[in-house]
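The sequence and model are shown first.

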Amino acid sequence: MDSREWLNPFVFGGIASITAEFGTFPIDTAKTRLQIQGQKLDGQFTRLKYRGMTDAFVKITREEGMRALYSGIWPAVLRQATYGTIKFGTYYSLKKHLSRHGILQDSTGKERVWANVACAVSAGAISSAIANPTDVLKMVEDLVSRAFFACFREIYVREGIRGLWRGVCPTAQRAIVIAAVELPVYDGCKSTLIPYLGDTSANHLLSSFIASLGSAVASTPLDVIRTRLMNQKRITVALEGLPAKIYTSSLDCALQTVRTEGPLALYKGFVPTLVRMGPWNIIFFVTYERLKVL
């Protein structure tokens with residue numbers, strides 16, 4: 001494998017990820033606002049301000065202006081420049097490595113599902129752990145409407161460098177689930193549809209939408225938990241009998257959420273998640289496939 005062949009999946013993955021992020025970021029803003037509201041244990045977000053995604057778009061635009069829909073875009077772009085580059089570059093590089101050693105395909109030439117899943121899980125875990133600080137900064141900038149570097153300074157002063165890795169475990173868990181579903185499903189659908197649609201944009205579009213549906217169903221509960229863990233702040237004293245941290249772990253967050261708000265609370269923001277994942281994956285995979293043939 002020459003240097004260009006090794007580098008291409010990383011470069012193409014980064015470019016396609018950034019393109020998709022710009023195209024779908026307002027949906028992510030609405031999703032984040034919907035997921036943090038209604039927390040019984042956090043007085044700041046107890047009130048249900050938004051009734052749904054459309055209501056969130058309307059109220060955010062009316063009360064804060066159109067620019068608020070892109071609040072946190074630069075940390076998000078920075079995240080995709082790291083997370084997207086590493087995730088997709090690692091996934092496709094690992095697949096090529098396994099293919100060269102005769103592990104990826106079975107005796108009939110079809111790709112083994114477990115091999116694809118193993119590559120996806122590894123890529124998701126590595127990339128999410130490295131890119132976690134950009135996730136935290138995006139979340140804080142969106143919620144408090146402060147500049148990128150001001151958010152970084154506030155987190156560093158209050159919590160130290162460890163604050164940038166707040167919520168890294170649920171972030172990695174979510175990334176692993178999404179990658180383990182999204183990437184193998186896309187590759188599997190694409191291969192299955194090639195005899196009918198060929199290796200065309202129509203194939204890429206349909207395969208990416210199916211992959212989005214699966215990953216949205218699997219990842220939304222983890223996304224809600226991750227969002228709430230990232231949103232909570234460390235405080236030095238308990239307020240009104242509450243512990244210094246509202247949630248102590250991913251499991252604790254899940255249990256408290258179900259106990260106080262019901263099981264469906266874990267699927268808050270599912271529609272925005274699906275609405276965003278669909279276009280995001282379509283833009284990403286169509287862009288990525290086009291870059292491959294340049």
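## Definitions and basis

Two residues are said to touch, or to be in contact, when heavy atoms of each lie within 4.5 Å. The model is a predicted one, in which local features need pLDDT of at least 70 and side-chain atom pairs count only at pLDDT 80 or more, while totals for chains, interfaces and linings use all residues. Residues are numbered from 1 along each chain as its sequence is written, and side-chain values use heavy atoms, with hydrogens and water left out.

Ser250 belongs to helix α8, helices being DSSP runs of H or I with at least four residues, numbered from the N terminus. Ser250 has a relative accessibility of 16% and counts as buried; buried means under 20% relative accessible area, exposed over 50%, and partly exposed in between, with a 1.4 Å probe and protein chains only.

With residues up to four places away in sequence not counted, Ser250 touches Pro170, Gln173, Ile225 and Leu229.

## Salt bridges between helices

Side chains of opposite charge can pair when their charged atoms come close. A salt bridge is taken here as a side-chain nitrogen of Lys or Arg within 4 Å of a carboxyl oxygen of Asp or Glu. By this rule, the model has 15 salt bridges.

One of them joins Asp223 to Arg174, with an N to O distance of 2.9 Å. Asp223 is in helix α7 (residues 201–231) and Arg174 in helix α6 (residues 168–197), so this pair ties together parts that are 49 residues apart in sequence. Asp223 is buried at 1% relative accessibility, and Arg174 is buried at 12%. A second salt bridge links Arg228 and Glu261, whose closest N and O atoms are 2.6 Å apart. Because Arg228 lies in helix α7 and Glu261 in helix α8 (residues 250–261), the pair ties together parts 33 residues apart in sequence. Arg228 is buried, with a relative accessibility of 0%.

Glu289 is buried at 6% relative accessibility, whereas Lys292 is partly exposed, with a relative accessible area of 43%.

Through salt bridges that share partners, Asp28, Lys31, Arg174 and Asp223 are joined into one network.

Terms used
Helix = DSSP H or I, 4+ residues; strand = E, 2+ residues; numbered from the N terminus.
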